[in-house]
Amino acid sequence: MAPVVRLGLIGILVALGLAGLTQMRLHPPLASRTDADTAGLLARLETQEALLGQRQQVSLLLNRFVGAEITRYFWGGFTPYLDVLGIEIPATMTADVVFNQDRVQLVLTPTGGDEIYLARVEAVENAPRGAVCRGSRPAPDPEAFPSQDNRLLCPAGWVALPAVRPATAGAVRS
């Protein structure tokens, strides 16, 4: 080893030894600290991670709903029955389906939190169009969904959820 590296290593060991002799308090890593600020930060991070996971799960479910309803439309019309579409609602949410001949809407309400999620499919010029959105309670008025360039948009103040693809069991990431 080079003399500079040896001296540096010896200096670090001497500093740690002196810290032990004088009983200086060394702070543990952030995740193992028990301060109130750290506990609050970790709780907020956990809540945010849970919300993002919920949004991903809901986005996948609502996009499946939109795709299934578009398919059903071409086979004879929309359906208000989720079991016909092969869609199961998680136990942590309640579902409300609003149905008529021209449109169908699924509203998912989590048991906790302020956000609600909805998917809307309607026939625009005899072609089915869908939108998947998130927003705050209450659910928007059924007439609040604007259409632009043959696309169905989310109501004002609501955010479109991105399409999420399901993870496959055998997928290999590189």
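## The sheet

In which order do the strands of the open sheet lie? The model is predicted, and in it 5 strands are arranged as β1-β2-β3-β4-β7, with antiparallel pairing. At the edges are β1 (93-99) and β7 (159-160), each of which pairs on one side only. Strands of a sheet pair through backbone hydrogen bonds, in either a parallel or an antiparallel manner.

Strands β3 (residues 115-124) and β4 (residues 127-136) run antiparallel and are joined by 10 bridges. Within this pairing, Glu115 is placed opposite Ser136 of β4.

## Salt bridges

Side chains of opposite charge can pair when their charged atoms come close. The count here is 3 salt bridges. One of them is between Glu115 and Arg55, whose closest N and O atoms are 2.5 Å apart. This pair connects distant parts of the chain, since Glu115 belongs to strand β3 and Arg55 to helix α2 (residues 36-74), 60 residues apart. Glu115 has a relative accessible area of 15%; buried means under 20%, so Glu115 is buried. Arg55, at 19%, is under the same cut-off and is therefore buried.

Glu115 also forms a salt bridge with Arg134, with 2.9 Å between the closest N and O atoms. Here too distant parts of the chain are linked: Arg134 is in strand β4 and Glu115 in strand β3, 19 residues apart. Through shared partners, salt bridges join Arg55, Glu115 and Arg134 into one network.

Another salt bridge brings together the side chains of Glu122 and Arg120, at 3.0 Å from N to O. Both Glu122 and Arg120 are buried.

## Aromatic pairs

How many aromatic pairs are there? The count is 2. The ring centres of Tyr73 and Phe74 lie 5.8 Å apart and their planes meet at 75°; planes over 60 degrees apart count as edge-to-face, so this pair is edge-to-face. Tyr73 also pairs with Phe78, at 5.1 Å from centre to centre and with 35° between the planes, which makes a tilted pair. Together, the ring pairs link Tyr73, Phe74 and Phe78 into a cluster.

Is Phe74 buried or exposed? Its relative accessible area is 60%, and exposed means over 50%, so Phe74 is exposed. Phe78, by contrast, has 7% relative accessibility and counts as buried.

## A nonpolar surface patch

Leu9, Ile12, Leu13 and Leu16 make up a nonpolar patch on the surface. Together they have about 400 Å² of accessible area. One of these residues, Leu16, is part of helix α1 (residues 3-21).

How values were computed. Residues numbered from 1 in each chain as written. Predicted model: local features only at pLDDT ≥ 70, side-chain atom pairs only at ≥ 80, totals over all residues. Heavy atoms only, no water. Pairing = 2+ DSSP bridges. Helix = DSSP H or I, 4+ residues; strand = E, 2+ residues; numbered from the N terminus. Patch = residues over 30% accessible without salt bridge, like charges linked within 9 Å, V, L, I, M, F, W, Y side chains within 5 Å. Areas by Shrake-Rupley, 256 points an atom, 1.4 Å probe, with all protein chains shown as cover. Salt bridge = Lys/Arg side-chain N within 4 Å of Asp/Glu carboxyl O. Phe/Tyr/Trp six-rings, centres within 6.5 Å; stacked < 30°, edge-to-face > 60°. Buried < 20%, exposed > 50% of the residue type's maximum accessible area, 1.4 Å probe, protein only.
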